[in-house]
Amino acid sequence: MKKAFVKFMYFALSIPMYYLYTGGISFGGIYFLYCYIAAILLVLFTFFAFLVSPEPERMVKVLKYAGVLTIPYIISMIWSLMVWVLNLTRIRVIVRGFFWPSYEILAILAAASAVYLFGKKGVYYQLTALLAAYIMFFIGLASEYGAAAFFNDYINVILTKGAVTGCFGDIERIAYAHGMGLFIIYLVLTMKENKRYNLIFLLPAFLCFFSGFKRSAVTGAVLTAVIYIIGCKLSEINLKSYFAVTGILMVAGAFLYIAAIDSTLFDVVVETFNINTMGRQEVFHYMKDYYDFSIAFLGKGLGFISYNIAHGVIDVGGDWRGDIHNDFLRQYIELGMIGYIIWAWTFFRFRVKQLVQMADGKLGLFVMSCLGYCWGCFLTENMYYRFNTGLALAVVILSYCIQRDEEKEKQIETY
């Protein structure tokens, strides 16, 4: 299959996969966003490309790594199945709970498609698609509000460190900033290895990131820097212990965070340091009626939060429709204490351990750094089930997996 055709088809499907974040179509009573349909078509096209010009070795590698990334979603679905049965959960809640993690698995497969088609450069092709979607939004906003207002609002977002005004309220709603943050992490952490391409993409990536400036992303970036800097000072042997300790601390931190919210500790910290939670503190209070901080609490099942908020059963105010801006708390309410700990373990520890065994410590440090970013964002955001963020996380990890494979093969050939 000709490379030009493959590239054309990839961008024809991947740009809508980012750009069409709203709007969709109903099949059999189930509503699918256009971005999901574009992702499905991309996966199908990749399978077609494989049949025409198969590269079985690369396909096996990509699917092997992608399979590891899907584990937290599959585990939470299996646990939730038990909870749904025990709670006699309504079918509509079950359907929603089934599709949320399924969309994230679809995001992983779409990212895997980019890596299969273009190898380690798949990350740049997907980043190009995201930048194209950004540019299309920028052009639309400049046309609607005027170029002068657009640039004034952009400067104001940066000067006020994320206070959204004017047309940039629309940019915040498309919620691309967290995913762009992951691309920036990739560009910075792999600069020595991929200097040529990373320098080209770094400036436009930063410009787009600041248009939807997120405080939580800054928190995540600080954790990324700490994890990576410490890891760089350790030997390959010590890295495995470092990953184990860091993963355990992340799981424990996720658990203690829920304990702090359930008690008065979270409120004390917020009031002591005069933190503007932008309504989150009040929402967390509302949610206390729906969970117990107890090992006997098995959870409400996936889909419970978003379904009941969307249908007015849980009232958290009009600005919070769909979720509660706290991925950790939502996961706890839906999975219960045991399910929550299992999910956190598979997300922050198990996957890193598996990838290190499949590749090397350098890959593990990169993945651990990316997960540190996620940990910081999960504290106050709806990021875990965000499709475009799932795309970004998967493609930066998968692209680097393939790159580390290639480096290992070169070393073997040298010897």
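Glu57 is exposed in this predicted model, with a relative accessibility of 56%. Its side chain meets that of Lys61 in a salt bridge, at 3.7 Å from N to O. Lys61, by contrast, counts as buried, at 19% relative accessibility; the cut-off for buried is under 20%.

I turn next to Arg58 and Glu55. Their side chains also form a salt bridge, with an N to O distance of 3.9 Å. Arg58 is partly exposed, with a relative accessible area of 23%. Glu55 is likewise partly exposed, its relative accessible area being 38%.

What is the N to O distance in their salt bridge? For Arg330 and Asp327 the value is 2.6 Å. Are these residues buried or exposed? Arg330 counts as buried, at 2% relative accessibility, and Asp327 is buried as well, at 0%. Both residues belong to helix H15, residues 327-358, where three positions, about one turn of the helix, separate them.

Some salt bridges also share partners: Glu193, Asp360, Lys362 and Arg404 are joined in this way into one network.

For the structure as a whole, the search returns eight salt bridges; among them are Lys61 with Glu57, Arg58 with Glu55, and Arg330 with Asp327.

Definitions and conventions:
Residues are numbered from 1 along each chain as its sequence is written. This is a predicted model: local features need pLDDT of at least 70, side-chain atom pairs count only at pLDDT 80 or more; totals for chains, interfaces and linings use all residues. Side-chain values use heavy atoms; hydrogens and water are left out. A salt bridge is a side-chain nitrogen of Lys or Arg within 4 Å of a carboxyl oxygen of Asp or Glu. Buried means under 20% relative accessible area, exposed over 50%, partly exposed in between (1.4 Å probe, protein chains only). Helices (H or I, at least four residues) and strands (E, at least two) are DSSP runs, numbered from the N terminus.
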